[in-house]
Amino acid sequence: MTNTSDILVIGAGLAGAAAAEFLAKRGLSVTVLEARDRVGGRGYARNFAGSDESLEFGGGWITPWQEHIRAACARHKIELRPRSPVIERRWFRDGALHRDGPCSEAERPAFERGLAQIVADAKRVGEGQAADAAGRPLTTVSLDDYLKRIAAPLSLRDLCRAWWTVSGNGDPARIPVSELLASCAYGDGTPDSMIEVWADTLVGGVSLLTERMIAASGATLRLNDPVTRIQTRGGGVTVTAKSGKYQARAALLATGLNPLRAIAFEPGLPPAQAMALSLGHLGASIKVWAKVAGVKVGVLATGGGESAKAGLEWMLAERQAADGSTLLIGFGLAAHFDPARPGAVAAEVARFFPEATLLAHDWHDWVGDAYARGTWVATPLGAPQAVAPATWAHTGSLAFASSDFSREGAGWFDAAIISGLDAAKEVLKLAKA
């Protein structure tokens, strides 16, 4: 038996939820197909290992200006939790933990010259410029090559690599340095300043917000129903999923870029979209939660990525747990760190927080997750078109939505909502045609 509705939304993350809300409010019947057994996409709140305390294992922070997600939280009564202020700064460099600054006195002149160049280049990227004051490219040079260009000393390379785990979040030889510079531009241009715009997290996580958005829309939600094939012909869409076939006037694909590779399209997608799928995006970071005793909330520690070949390069004592212990959040690159290796997390916690007693740790493998295939978007070097909004304009009776290629703020959850609404407006036109 074939299920029918006006619109099919494939993917129950924030982009899909925003689209479902928009379309259902305009009188269209909407079915949302989700491959996982949950909603939320790359937002994933669940209980921390061995406890009943819910933590966000996907993206978490939102900025003061992200009005779409803030409006959705207000509409669906999601409480926001302000980020704890940073009260202490630590740097791992020269083989040891330091509290007196990011570099040694011997490296200070080179460190300050390099940092001044980063600040100047971040300002230019923030203004939409693609080259530095000397005309050298900023959007088509990798992080690795950029750090060589500015003759960054080891302490500055360690600092940049640490903040890269939360900005570029992938192979520093294959992703443009503009990913880091754009994030620095949110603040005063220094890497450390990018944390200043991480204002709030969602109590209950993106999972709870998405769940409430879809419920409020009245859309039919099908979980555990991965899509394998999409056929477009005769002005309509036929979707083959695990549970059977679905038909609609149009479909909105909100899976994210990399998971689209698992879907067969008949006829095939246009060349620009096929090219983008072949490239994908390169986001491949690791986020780890650790519960510890003996650490004050608000301590931020970075470094050691290049100098110590460390796995986690960025750790923050993020907040107090319900039992009075402290919750640390850590980031590293998936290629360099395996949280499942015995003792790996304990070693990184001890390096940054020697006073800590590690009680437990937990994480989610986004790179190995078949329905994510990576973390937040990281543009392939030399191929910005792969995640350009124009590449993912609607094709026939198919529209596409994701924070990966949103026209504004790509990579943020707010961008997922913006992209979902944009695609829903395209789908509405298709449905009325």
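Trp 198 is buried, at a relative accessible area of 5%, where buried means under 20% relative accessible area, exposed over 50% and partly exposed in between, for a 1.4 Å probe and protein chains only. The model is predicted: local features need pLDDT of at least 70, side-chain atom pairs count only at pLDDT 80 or more, and totals for chains, interfaces and linings use all residues. Residues are numbered from 1 along each chain as its sequence is written, and side-chain values use heavy atoms, with hydrogens and water left out.

Aromatic pairs come next. Rings of Phe, Tyr and Trp (its six-membered ring) pair if their centres lie within 6.5 Å; planes under 30 degrees apart count as stacked, over 60 as edge-to-face and the rest as tilted. This rule gives 12 aromatic pairs. In one of them, the ring centres of Tyr 44 and Trp 366 are 6.3 Å apart and the planes stand at 85°, so the pair is edge-to-face. Tyr 44 lies in the loop between strand S3 (30-33) and strand S4 (45-47), and Trp 366 in the loop between strand S20 (357-363) and strand S21 (398-400), 322 residues apart. Helices (H or I, at least four residues) and strands (E, at least two) are DSSP runs, numbered from the N terminus. Tyr 44 is buried at 18% relative accessible area, and Trp 366 is buried at 5%.

The rings of Trp 198 and Trp 314 have centres 5.8 Å apart and planes at 55°, so this pair is tilted. Trp 314, in strand S18 (residues 312-320), is 116 residues from Trp 198. Ring pairs join both into a cluster with Trp 61, Trp 163, Phe 331 and Trp 376.
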